[in-house]
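Colleague: I would like to learn how to read a model like this one, feature by feature. Could you walk me through it?

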Amino acid sequence: MTSVSRRAFLGTTAAAAAGFTIVPRHAVAGLGHKAPSDKLNIAGVGVGGMGFANLKNLESENIVGLCDVDWKYSAPVFQRYSGAKKYKDWRKMYDELGDSIDGVVVATADHTHAIVAAHAITMGKHVYVQKPLTHSVYESRLLTKLADKYKVATSMGNQGSSGEGVNLTTEWLANGEIGEVTKVEAFTDRPIWPQGLNTPERGDWVPETLDWDLFTGPAKMRPFNQVYHPWNWRGWWDYGTGALGDMACHILHPVFVGLDLGYPIHTQGNSTLLLQDCAPTAQSVKLTYPERKASAEKPWKGLKKNTLPQVDVHWYDGGIKPMLPEGWPDGKNPNDQGGGVIFHGTKDKLICGCYGVNPWLLSGRTPDSPKFRRRVETSHEMDWVRACKESAENRVPTASDFKEAGPFNEMVVMGVLGVRLQSLNKELDWDGENMEFTNLTDSEEIRTVIKDGFEIHDGHPTFKKTWTDPVSAKEFAAELIKHTYRKPWSLPDMPA
C-alpha cells in the first residue's frame with residue numbers, strides 16, 4: 001500500500017521531474033496538428049468494463065493514462081490505447097501525470113467512485129463518473145460541493161439524461177399534460193448478476209494479474225473470492241449497491257428532474273431475505289417527497305401557487321413490477337430496455353422506459369409541449385468534453401452535472417438505506433440537509449442475517465440462520481450514511 005501522503009493527494013505533480021512530454025490543452029498551442037485546446041488529455045480509472053465503453057466514445061481526444069487493478073480484465077484496453085501509460089494505482093497515476101491530465105473518467109466499483117473522483121477534483125481535473133455516482137449519501141454530498149468549489153466540468157454516466165426521452169418526459173410534466181403527480185412507480189428487471197448469496201466461507205487464490213488490496217481500497221479487507229470479481233461485485237454491499245443502485249440512476253432520473261425533487265422526507269424498504277454482506281434478490285422501496293416550489297427555470301402550468309404536491313416514489317426490482325393501471329393496452333410489456341416508470345397524474349398517466357426512453361400517455365394523446373430543455377447532439381461523453389473545454393464562467397452544464405447528479409444520487413442510495421434498515425419495521429424520517437434520520441431512538445438495535453443455514457432434513461426444508469450481534473440502529477445508520485474508510489484511504493474534507 002502506497003502512502004496516503006502522495007503528492008496526488010495534495011494536488012501537486014511530478015510530471016516535470018519525470019520528464020513527461022504529454023502536452024495539456026492549456027499549454028502553448030502550435031506543437032501538434034491541432035491546437036491543445038482542441039483535444040483533452042484524458043485518463044481512465046477502472047477501464048476493464050464500462051470504462052472501456054466510455055473511452056471508445058472519447059477517442060477524438062487524447063487517452064494518456066489507463067489505470068485498472070486487474071490487468072487481465074483490462075488487457076484489451078491497454079492494447080487499444082497502447083500509447084497511454086499504464087497503472088494499477090490511481091494515486092501513482094495522479095502523482096506522475098499530474099498537470100498532463102485535463103479530465104478523468106472513473107468507472108471503478110461503486111465503493112471507490114468517490115475517492116478517485118474527489119481527489120481528481122481537488123487537483124482541478126474535470127471528472128466523468130459512472131453511475132451510481134457514489135456508494136453513500138455523504139460521498140454524494142462531498143462530490144457535489146467539491147465540484148462547485150473547484151469549478152470543474154462534471155457528469156455522471158447515466159447516459160439517458162442526454163436522451164430525448166428525458167427531455168420529453170420533463171417537458172410534458174411541466175406543461176401539465178397529466179395534471180398533478182402524487183405517485184410514481186418504477187422498476188427494473190435487474191439483477192442479472194448473483195444476489196442473495198451467503199458470504200463465502202473460504203478464500204480463493206488471488207490471480208497474479210489482480211491487485212486485491214487496491215480493489216478493496218477503502219472497504220474492509222476480506223479474502224478474495226471469485227464470486228466478487230470481475231463484475232459480480234455489484235451484488236455485494238462492500239463494493240456495490242445492488243440492482244437499485246445500478247439501475248435507479250437510469251430509471252429514476254426523469255422522475256427526479258421531471259418533478260423537481262430534492263431531499264426525501266421519508267423512506268421505507270423491504271426485500272427478500274436481507275443478508276449482512278449481499279444485496280437481496282428482490283427489493284421494494286418507498287421514498288416520500290414533500291410539497292415543494294416548482295423550478296422557475298421551467299414553464300410550469302396548472303400548479304396551485306406554483307407548488308408541486310407531496311409525492312410517493314415506489315421502486316421495485318428482482319422481477320417484481322407494479323400492477324398495471326386501468327386502461328393498460330392488453331399485451332403491452334411495461335419493461336422497455338430494462339425497466340419502466342409510471343407517473344400517476346390527476347388527468348392522465350405518463351409512462352417511459354429505462355433511460356427515460358419512449359415516453360407515452362395512457363390516454364393515447366400525443367402532447368405538443370414547449371421544448372425548453374437543451375438537446376444534446378453528441379454522445380453523453382462528448383457533451384462532457386464540450387463542457388470541459390468551456391470556461392467555468394460560460395460553461396453550459398452537462399445533462400447530469402453534479403449539481404443535479406449529486407442530490408439525485410442521494411435519492412438512489414437513500415433507497416438502499418431503506419432496505420438495509422428494514423428490520424426496524426417503521427417509516428424512517430430523513431433530514432436531508434443534515435444527512436441524518438430523526439426518528440431513530442437510542443434503544444433501537446439492528447441485527448442482520450449472516451447466512452441463512454438452509455438445509456433439508458427428512459424431506460423438510462429448514463433454516464438455521466446465523467445472525468450478527470445486535471448493534472445500535474443509530475450507529476449502524478450513521479456508518480451507512482458516511483463510511484469509515486480503511487486506513488490509509490481518506491477523502492478530502494467537505495467544503496463549507
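Colleague: Does Cys-278 count as buried or exposed?

Modeller: A word on the ground rules: this is a predicted model, where local features need pLDDT of at least 70 and side-chain atom pairs count only at pLDDT 80 or more, while totals for chains, interfaces and linings use all residues. Residues are numbered from 1 along each chain as its sequence is written, and side-chain values use heavy atoms, with hydrogens and water left out. Buried means under 20% relative accessible area, exposed over 50%, and partly exposed in between, with a 1.4 Å probe and protein chains only. Cys-278 has 1% relative accessibility, so it counts as buried.

Colleague: Where is Cys-278 placed, and what is it in contact with?

Modeller: Helices (H or I, at least four residues) and strands (E, at least two) are DSSP runs, numbered from the N terminus. Cys-278 sits in the loop between strand 8 and strand 9. Contact means heavy atoms within 4.5 Å. Setting aside neighbours within four places in sequence, Cys-278 touches Gln-195, Gly-196, Leu-197, Gly-235, Trp-236 and Trp-237. Thr-199 is 79 residues away from Cys-278 in sequence, but their C-alpha atoms are 7.3 Å apart.

Colleague: Which strands pair with strand 9?

Modeller: Two strands pair if DSSP finds at least two bridges between them. Strand 8 (residues 266-271) pairs with strand 9 in the antiparallel sense over six bridges, and Ser-284 is the bridge partner of Asn-270. Strand 12 (residues 311-316) also pairs with strand 9, antiparallel and over six bridges, with Val-313 opposite Leu-287.

Colleague: Why is strand 9 described as largely enclosed?

Modeller: Strand 9 covers residues 283-289, and six of its seven residues are buried, so the rest of the structure largely encloses it.

Colleague: Now the helices, please: how do helix 10 and helix 13 cross?

Modeller: Axes are lines fitted to C-alpha atoms, for helices over the stretch in contact, and angles run from 0 to 180 degrees between N-to-C directions. The axes of helix 10 (residues 242-251) and helix 13 (residues 402-420) come within 9 Å and cross at roughly 150°. That makes the two helices roughly antiparallel, a label for angles over 145 degrees. Residues of helix 10 that meet helix 13 include Leu-244 and Ala-248, and those on the helix 13 side include Phe-408 and Val-412.

Colleague: Which residues does the UniProt C-terminal domain annotation cover?

Modeller: The unreviewed UniProt entry assigns "Gfo/Idh/MocA-like oxidoreductase bacterial type C-terminal" to residues 203-290; such annotations may be inferred rather than shown by experiment, and their positions follow the numbering used here, with feature names shortened. That stretch is 24% helix and 15% strand, with its end C-alpha atoms 47 Å apart.

Key: Parallel < 35°, antiparallel > 145°, perpendicular 65-115°, else oblique.
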